[in-house]
Amino acid sequence: MIEWLLEPLREPIVARSLAELVLLGLISGTLGCWIVLAGRAYSAESLAHSMLPGLVGAALLGLPLVLGGAIGLAVGASLIALVGRIKVLSSEIAVSVVITSLFGAGVLLGLAPTTPAGLGGILFGDLLAVGFGDIALAAGYAAIVLAILFVLHEGLLATGFDRLNAKALGRSPAPLDLVLALLLAGATLVAVQALGHLLVVAMLIGPAASARLLTRRIGPMMLTAVAIGWVASLVGLYASYHAELAAGAAVTCALVLAFVVALLTRRLRDLLASDSRRRGRGEQSRGLRLRSRRA
């Protein structure tokens, strides 16, 4: 059993992948909680889709994926702002039109006859190809995210749980939403090289969504989300190594499984609490009847 557990960790590529996932779990577990509380999960998916043309273009030109993804994000944000100026369209429609258009353009570029092979790496990433440069980038960005979230904690706390009354407390949600959007964009860029365009959202949102089902307090929620991200990453890597599965897809499936477990746990807890309340009301009614009879 011990050998079964230690064998994957002796492989340098697995060790590097685990280090990358630990850092991504730290980023997603902390930042993702605020994204979920602010109701910005759709933004994470939209940002990932808007990056596809830039990622494919970078691959075609032999440029770093981070550069291509950054250009894709900038183009997507600019187009969303431009289309959003059309008064007859709501903001959600503007985002949907731009994102689906960019996603379609990226697919057309990736599937063109002149395009070299490798689209799968862009869509699904190559977790086992993570290098020390990628790990250093993730570590640096994790430090930035933690520092910014620490400084803005009070403001995020006010707007995250009570956006309607935040202005009365002198906390405007708009600047904080912008900060979260920028941090999310950076996290997407950092994670896309390991997990790819299609799987990155699972890591950025999945652990936080699972933790939200289990606790309401932000501190325990972050700790739970980070723990879920780490455990799911470890389970996914072991499944990938021993069952010869794609590493990124295995980690994603583990994150989905963690969400299902959290959902069932929440449901069971609610059922037990409801049953306890019914019993309490029944005992209270019996007590009232007994006292009325004695009277």
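Predicted model: local features only at pLDDT ≥ 70, side-chain atom pairs only at ≥ 80, totals over all residues.

Guide: Two elements give two or more residues each to the patch: helix H4, residues 52–61, and helix H5, residues 65–83. H5 gives the most, with five residues. Leu61 belongs to helix H4. Its relative accessibility is 65%, and because exposed means over 50%, Leu61 counts as exposed.

For background, nonpolar side chains in soluble globular proteins tend to be buried together. Now to the inside. The largest nonpolar core has 61 residues, and the members that touch the most others are Leu31, Trp34 and Leu127. Several helices give two or more residues to this core, among them H2, H4, H8 (132–151), H12 (218–243) and H13 (247–294). The largest share comes from H11, with 21 residues. Setting aside neighbours within four places in sequence, Trp34 is in contact with Leu149, His153, Leu156, Leu157, Leu180, Ile218 and Met222.

A charged residue is also worth a look. Arg16 lies in helix H2, which covers residues 12–37. Arg16 is buried but has no salt bridge. The nearest side chain of opposite charge is that of Asp134, 7.9 Å away, whereas a salt bridge requires a side-chain nitrogen and a carboxyl oxygen within 4 Å. Apart from neighbours within four places in sequence, the residues in contact with Arg16 are Val130, Gly131, Phe132 and Ile135.

How values were computed
Residues numbered from 1 in each chain as written. Heavy atoms only, no water. Helix = DSSP H or I, 4+ residues; strand = E, 2+ residues; numbered from the N terminus. Buried < 20%, exposed > 50% of the residue type's maximum accessible area, 1.4 Å probe, protein only. Lys, Arg positive; Asp, Glu negative; His and termini not counted. Contact = heavy atoms within 4.5 Å. Core = buried A, V, L, I, M, F, W, Y, C linked by side-chain atoms within 4.5 Å.
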